[in-house]
Amino acid sequence: MSRIVRSRILSYLSKNSKPFSSSTSANSPKEPTISSVSTPEKKPWGILKYGIFGAFTGLAATVGYATYAHTSEEIDIKTKAFRESANRNIGDDASSLEKLGGLFCSVATTVPAKSVELYLDLRRTFEEHVRGFTEPSSEKLLPDLPPHEKQIFTLVLDLNETLVYSDWTRERGWKTFKRPGVDAFLQHLAQFYEIVIYSDQMSTYVDPIIERLDQKGCIRYRLSRSATRYQEGKHYRDLSKLNRDPSRILYVSGHALDSSLQPDNCVPIKPWKMEADDTTLLDLIPFLDYVARHRPTDIRPVLESYKGHDIAKEFIERSKETQRRIQEQKQQGRLWRR
């Protein structure tokens, strides 16, 4: 009996069992895989999609580069007629042929015209955003002068390597040092000038230094990096934004010609690198004192006459020469009276 049962069990297993091997026979049907179904359909569309995106990006870059030399206002004026043609209406009295032609013309120009308008909107938005980082924070960086000070001169001073020097060491970190003579310089000239600090550093750096440096309130205004004009990778002092008569502005800096957009108003001095025997600020007082007292109509031709010279030393030499001539004239007058 057991032999019969055993033979039936073996017969049943041989008919209904599946092999444990993962391989399939040549005649067995293959189940479709994800790659065999999706790849032939998605690959052409992916290529087309990236091609369209690349073409659009290239077109946008080409248009942007071609119009880079023109301002938004110039492009607006030059494309105004074209954009208006897209909205041109055909009168009811026009012939069917004219209406059909007008329809085709409108359809052909609508998309390019809208693209131009979109480009102008995007460019203006971008330029306005960039202007917030590159332009001075205001068209008038200083308030109006009081009526009784209309004839006063404005003395604009740089901070680093002009009035102070900031030095760092591993032991003590950052420390700021005052230039020799800076206190006497500020206190004397504050009697005659409107003194303004104009730095390319952040206000978080400028303000604490001025608070410690100017204990007697000689400095009227302080301007920091947000008031500069950023171009060609540098922050420049734009004296035209000070709301002052340019004929009455002097800019004193250890890097005057490299940091100002108005070289005609610059008074270059030696940068201070912590030399203990430096007398640059004190040497400059006689010249600035003379300017404040005699008030030339325009300071720019005066500064031009000192171009290529150390102004403080040249002024002393000219003063000596003037005194010599005065003495000669007095002696000649005495001889004629005899």
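Is K241 buried or exposed? This is a predicted model, where local features need pLDDT of at least 70, side-chain atom pairs count only at pLDDT 80 or more, and totals for chains, interfaces and linings use all residues. Residues are numbered from 1 along each chain as its sequence is written, and side-chain values use heavy atoms, with hydrogens and water left out.

**View 1. K241 sits in the loop between β7 (234-236) and β8 (249-253).** Its relative accessibility is 14%, so K241 counts as buried (under 20% relative accessible area with a 1.4 Å probe, protein chains only; exposed is over 50%, partly exposed in between). Skipping neighbours within four places in sequence, K241 touches P136, S138, E139, K140, L141 and R229 (contact means heavy atoms within 4.5 Å).

**View 2. Helix α6 (residues 182-189) meets helix α9 (residues 280-294).** Helices are DSSP runs of H or I, at least four residues, and strands are runs of E, at least two, numbered from the N terminus. The axes of α6 and α9 come within 9 Å and cross at roughly 15° (lines fitted to C-alpha atoms over the stretch in contact, with angles from 0 to 180 degrees between N-to-C directions). That is why α6 and α9 are roughly parallel (angles under 35 degrees). On the α6 side we have V182, A184, F185, H188 and L189, and on the α9 side L281, L282, I285, L288 and D289.

**View 3. Strands β2 (residues 164-169) and β3 (residues 173-178) run antiparallel, joined by six bridges.** Strands pair if DSSP finds at least two bridges between them. β2 and β3 make a hairpin with three residues between them, and W168 has W174 in β3 as its bridge partner.

Definitions and conventions
Parallel < 35°, antiparallel > 145°, perpendicular 65-115°, else oblique.
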